[in-house]
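Have the sequence and the 3D view open as you read.

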Amino acid sequence: DLPLLQVIPNKTFRCMGLNVSGVPAANLDLSFSNLKSLGSNNFSSVPELQLLDLTRCQLHTIEDNSFKDLHKLSTLILTANPLQYLGTAAFYGLTSLKKLVLVETNIPSLTDLPIGHLHTLQELNLGHNNIASLKLPKYFTNLTSLRHLSFVSNKITYISKGDLDALREANRLNLTLVLSLNDIKYIEPGSFAKIHLGELVLRSSFENYNVMHISLQGLTGLQVNRLIVGEFSDSQKLVDFQSGLLSGLCQVQMQEFVLICFREFESDTDTLFNCIGNVSSIRLVDLQLEEVSEVPMFSQVKQLECKKCKFKEVPAVKLSLFKELRVLRITKSKHLNSFRQNFESLSNLEVIDLSENHLSFTRCCSPQFSKCPNLKHLNLSFNSDIRLTGDFSNVKNLLYLDLQHTKLFGPGSYPVFLSLQKLIYLDISHTRTHVTCQCTFCGLNSLQVLKMAGNSFENNKLANNFKNLSHLHTLDISSCKLVQVDRNTFDALSELKELNISNNKLLTFDPVVYKPLQALTALDFSNNQLNVLLDSALEILPDSLVLLDISQNLFECSCVYLNFLKWIKEEQELLQNKELMLCHTPAYMKNMSLSSFDLSSCQLNASTVSFSVIMLLAATVFLFLIYKYYFQLYYSLVLLSGCKRFAERGDTYDAFVIHSSKDQEWVMKELVEPLEGGTPPFQLCLYYRDFLPGVPIVTNIIQEGFLSSRNVIAVISTDFLESKWCSFEFDIAQSWQLVEGKAGIIMIVLEEVNKALLRQRMGLSRYLRRNTYLEWKNKEISRHIFWRQLTGVLLEGKKWNH
């Protein structure tokens, strides 16, 4: 018996080769087990099962209700079982089944296959069986969710009219029908008439040219989104493509035609496009096609792909006859090395992909695309070598240009991209480009993605190379041998979201360099020679950052960098490839994970050292603090004593106003006049009006200001931040607030206040972050809200005289 297992949600159990008599729960792989038969109780204990693989389990019998409890099962695999008996209710209860695999199960016919009730079935694979007839039983009309039906490698030889009536009666626009690797000898005309399919696949299905030619005529009346005809490279029945082979497709309506794997073509290919000239998309894959001889007039082809063909040069002249062409792909042709012909008058052409060939040519790229004004995507990647001249006059509307892994001549030494004002994507990675010109990327004012990996810069240093790329979102400068990044390098890249500067030789992460990148979401600084991120570097990392990779650097695991090591532990979600973040020094900690560093060891050492230092310097520090803060300490004591002496004193004023003398005009006009002359009137304490003459200023501040007022109003401006008296008054105000035990400080921040200067005032900045404050904005609605909030605060606790 199977030993008891602990069930783990979403876990797949593999029990291959076990002599099991019971089944554990979860997605279950029982392939290569010796089950032989299934009864009605085998799966009653696992109703949550979603996938069941019974490949090669020697099953010969599946009785009724074998799967009746598996209402959530979506995939059932019965591959390579010698089925002899299927109960009529064998698949009863599979109300959620989407995929059924019955490959190599000795099924001779569809008639007795008990699946007509599987309304949710989307994929049925009947490959490698003994099915001799394509006659679909009536129950196929019930399989309305079916999207993939495969008869690969069966024994279907004849397809007769009426065999596919079950498909004709239902809407099968998305159904893929695969008949590959059958030995079809004849398709009766009308067999596919008025049938709509998503895809029909006929690969290695005909034994010779004549059979294929005649059988394709039997497809008359078929409507299909994609028709795939041809061979498999390892099981070819037809080797050569002969003239007129595809003439039977003239009466087939299709959106895309794929011709694949023909090794030999006659020198005359005039009939290749005869019956497919009105197809929207044509793919020619793995053909020994050396030239295009003839293109039908008024061709409607919009997409053409030639993959693994045998062109020696780009057949631009012939292909220019496809006047409606929008997408052209000629890829993976190892013989294609010349680009001497020019494309002409393809006004609709938007995409050209000539990647993964062996092209070598000069004068790129305007001459090759004469009168192709709407070309937007040009892919010349993975070729031999190309010389860029800077002439893009015929393709100045390019949006995407991919030249990666092609040896380039021109970029880096002068501004070859100057006329590509609309380009948004440029990939010149691994092109042996050596940037010596500061204006290498001049003209690329709309560029959003720049990939430069695997190239180099003069003196292995990044200077002001990206000064005009203000809209750049993605920059890849990995593997560029960089040893230095100048301070102004990224100043223009305020919109940059992704930066990959990995696999270089950078020693430091200079905060000044990277501070302009406040929109970054992903930063890859891995595989450099960084030993730590200093506190100043951590502080400038933008809040928008969600992915940071600093792995494979030369980190120093030392208590000197305790803050960095703490930060590593705290930012586990932010950091990528944490398992590759290892200590490099000291030697005894080499290759230890940074996240496993013992912080407590630093705390012990630090406390011991700190105690010794403090004991030695205590007197000096104490005297220094008294000397530095004598003024504030003295008047804090005055404040405390004054609070006791004037505890019974009434509130003469509603508020004492702290402000810079340079803001006096604003205070009088915008604050005092509306408050003291309004309804109800408020009484404010102003130093130039209400302080007693002959009394020290500090005494006036404490006694006439704080102790005689219910509130304090602080008018925060740039001048306020620069005033030592205002700073002193605000510090005393906080002490007064603490002693009085009430929240009586009302902060008014003027809109022109210097934010950078405010951040330098740590105490005031922290107070503003933790407390609600008022903002003065010279707008009518803003002023209305301001006065409503201010008077509301001042009214609290006010005593009225009747």
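Start with Arg 689, which is partly exposed at 37% relative accessibility. Keep in mind that this is a predicted model. The side chain of Arg 689 forms a salt bridge with that of Asp 690, at 3.3 Å from N to O. Is Asp 690 buried or exposed? Asp 690 comes out as buried, with a relative accessibility of 15%; the cut-off for buried is under 20%.

Elsewhere, salt bridges with shared partners link up Asp 183, Lys 185 and Glu 207 as one network.

How many salt bridges turn up in the whole structure? The search gives 16. Here are some of the pairs:

| Salt bridge | N to O distance |
|---|---|
| Arg 226 and Glu 199 | 2.4 Å |
| Glu 313 and Arg 340 | 3.4 Å |
| Asp 690 and Arg 689 | 3.3 Å |

Now for the Arg 226 and Glu 199 pair. Glu 199 is buried, at 14% relative accessible area, while Arg 226 is partly exposed at 31%.

The Glu 313 and Arg 340 pair involves loops. Glu 313 is in the loop between β20 (303-307) and α3 (316-319), and Arg 340 is in the loop between β21 (327-331) and β22 (343-344), so this bridge also ties together parts that are 27 residues apart in sequence. Arg 340 is exposed, with a relative accessible area of 65%, and Glu 313 is partly exposed at 23%.

Key: Residues are numbered from 1 along each chain as its sequence is written. This is a predicted model: local features need pLDDT of at least 70, side-chain atom pairs count only at pLDDT 80 or more; totals for chains, interfaces and linings use all residues. Side-chain values use heavy atoms; hydrogens and water are left out. A salt bridge is a side-chain nitrogen of Lys or Arg within 4 Å of a carboxyl oxygen of Asp or Glu. Buried means under 20% relative accessible area, exposed over 50%, partly exposed in between (1.4 Å probe, protein chains only). Helices (H or I, at least four residues) and strands (E, at least two) are DSSP runs, numbered from the N terminus.
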